[in-house]
Amino acid sequence: MRGFTTKAVHAGEDPRETLHGDVVHPIHLSVTYWKRSVAEAEEGYVYSRTSNPTRDALEKKLAALENARYALAFSSGLAAEATVILALLREGDHIVAFDDLYGGTKRLFQRVMARFGIKVTYVDARDPGNIEKALTPATRMIWLETPTNPLLKLTDIRAAAEIASRAGAYLVVDNTFATPYFQRPLELGADIVVHSATKYLSGHSDLLAGAVMVNSSEVYEKLKYHQNAVGAVPPPLDSYLLMRSLKTLALRMEWHQHNAMKIAEHLESHPKVDRVIYPGLSTHPQHSLAKRQMTGYSGMLSFELKGGAGAAVRFVESLRIIALAESLGGVESLVEIPSLMTHASIPREERLKKGITDGLVRLSVGIEDLEDLIEDIEQALKKT
Ligand SMILES: *Cc1c(COP(=O)(O)O)cnc(C)c1O
């Protein structure tokens, strides 16, 4: 199996390995497993937190899609991230992280991990030189998101991987925005990929899950131990649903990108729009890097309205098809204003310095018909 969609449909699922020849992998709800004898009590499946056949199938599929040797599934993206840190770092260790990380990741670093003596330095990782400069003898991990949220900034993963390997640090890449369909960080030298599978991987805004992919068996063993020891695992029903979603990942991502590209171009030529940020546009400052390390640009775009915050609020409240809601990556288009919603907790000065202006609007472009989305955007822009 080599093709992405062939793997998405078949990896982890083999009818020959099921009791009745099920073409679709069964959902195993039992939390415990009968044993023939005490001598065999610890063999095979023992308890569902440790391992479960449905989760195992999901993990095989997740690994196949990132072209990884191993994958582990978690109950949310943050559960995956917390387990990575708990498994691999200890008191006194230092992380160098992109300053434009998902807010929940920053909260995990600053409010939770800091209490256990783990320190973080944030840098503008668009320039990998800034990562290098922030290294200390205690640096054990470099943590990136590329593209970031909501400004869609990129880091050269290869360059970051070289810095990490010289420093003896793990390079972790949060691949939530690109998905393995458009970007595979492990192939570019990253050590660990994390995902909020709640977003594109599940793709239907109806389940929370997370994933970690690695190639090193040593790192995998540590993560596997902590997956069980910490216990933030996804339930069997959600594991099944996520597996079902992954089968159409390529189809959905193609359509997300198709719509996003057309909407980005439409907005770019609109008199009420100041600027559009989308890695697929030639006007994106890192477009050439995007072309080099990604095979597509996904469905996330941000843009700024000329009328500032007032116009942004009128715009999002006038939309009829595109829903005003946080989160992203689902089949339905979603819109939000980062300065007032997802990024409201960042002090205004810091926000503006980064480029998250009051009038910035973030769109998670869904798979609806393009004409309907553009018509919706047009009628809402008229009301700004
Ligand atoms: C949503 C998100 C997370 C957190 O994932 P949850 O599934 O909500 O816990 C982490 N990283 C990125 C980039 C995200 O968008």
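Select Asp-93 to start: its side chain reaches the backbone nitrogen of Arg-90 at 2.9 Å. This is a predicted model. Asp-93 sits in the loop between α3 and β2 (94-98).

**The ligand site**

Next, select the ligand and the residues around it. Show Ser-76, Gly-77, Leu-78, Glu-81, Tyr-102, Glu-145, Asp-174, Thr-176, Ser-196, Thr-198, Lys-199 and Ala-209. Color them by class. The shell has three nonpolar, five polar and four charged residues.

Which helix gives the most to the shell around the ligand? Select residues 77-88. This is helix α3, and three of its residues belong to the shell.

Now look at the polar atoms. Start with Leu-78: a polar backbone atom of this residue is 2.9 Å from an oxygen atom of the ligand. Move to Thr-198. Here a polar side-chain atom lies 2.6 Å from a ligand oxygen. Then pick Lys-199. An N or O atom in its side chain is 2.7 Å from an oxygen atom of the ligand. Taken alone, the ligand exposes 380 Å², and the protein buries 94% of that.

**Salt bridges**

The structure holds 13 salt bridges. Visit a few of them.

Select Glu-304 and Arg-275. They form a salt bridge, with the closest N and O atoms 2.7 Å apart. The pair links distant parts of the chain, 29 residues apart: Glu-304 is in strand β9 (residues 300-305) and Arg-275 in strand β8 (residues 273-277). Arg-275 is partly exposed, at 35%.

Go on to Glu-336 and Arg-362. Their salt bridge has its closest N and O atoms 3.4 Å apart. This pair also links distant parts of the chain, 26 residues apart. Glu-336 belongs to strand β11 (residues 334-336), and Arg-362 to strand β12 (residues 360-364). Glu-336 is buried, with a relative accessible area of 0%. Arg-362 is buried too, with a value of 3%.

Now select Asp-358 and Arg-348. In this salt bridge the closest N and O atoms are 2.6 Å apart. Asp-358 lies in the loop between α13 (348-354) and β12, while Arg-348 is in helix α13, so the pair ties together parts that are ten residues apart in sequence. Arg-348 is partly exposed, with a relative accessible area of 45%.

For the last stop in this set, show Glu-13, Lys-61 and Lys-247. These three residues are linked in a network of salt bridges.

**A nonpolar patch**

Switch to the surface view. Select Ile-27, Leu-29 and Leu-237. Together they make a nonpolar surface patch of about 280 Å². Zoom in on Leu-29. This residue is in the loop between α1 (4-10) and α2 (53-66). Leu-29 is exposed, with a relative accessible area of 56%.

**Backbone stops**

Return to the backbone. Most residues other than glycine have a negative phi, and most peptide bonds are trans. The next stops depart from that.

Which bond joins Thr-146 and Pro-147? Show both residues. The bond is a cis peptide bond, with omega about -5°. Pro-147 lies in the loop between β4 (139-145) and α6 (157-167).

Now step to Asn-149 and Pro-150. A cis peptide bond joins them, and omega is about 5°. Pro-150 is in the loop between β4 and α6.

Then select Asn-67. Its phi is near 60°, a positive value in a residue other than glycine. Asn-67 lies in the loop between α2 and β1 (70-74). Its relative accessibility is 42%, so Asn-67 counts as partly exposed.

Finish at Ser-327. This residue is not a glycine, yet its phi is positive, at about 75°. Where is Ser-327? Look in the loop between β10 (323-324) and β11. Ser-327 is partly exposed, with a relative accessible area of 30%.

Conventions: Residues are numbered from 1 along each chain as its sequence is written. This is a predicted model: local features need pLDDT of at least 70, side-chain atom pairs count only at pLDDT 80 or more; totals for chains, interfaces and linings use all residues. Side-chain values use heavy atoms; hydrogens and water are left out. A salt bridge is a side-chain nitrogen of Lys or Arg within 4 Å of a carboxyl oxygen of Asp or Glu. Helices (H or I, at least four residues) and strands (E, at least two) are DSSP runs, numbered from the N terminus. Buried means under 20% relative accessible area, exposed over 50%, partly exposed in between (1.4 Å probe, protein chains only). A residue is near a molecule or strand if one of its heavy atoms lies within 4 Å of it. A polar contact is a pair of N or O atoms within 3.5 Å; within protein, one must be able to donate a hydrogen and the other to accept it, and residues adjacent in sequence count only if both atoms are side-chain atoms. Accessible areas come from the Shrake-Rupley method with a 1.4 Å probe; for residues, only the protein chains shown count as cover. Ala, Val, Leu, Ile, Met, Phe, Trp, Tyr, Cys and Pro count as nonpolar, Asp, Glu, Lys and Arg as charged, and the others, Gly among them, as polar. Patches are made of residues with over 30% relative accessible area and no salt bridge: like charges are joined within 9 Å, nonpolar side chains (Val, Leu, Ile, Met, Phe, Trp, Tyr) within 5 Å.
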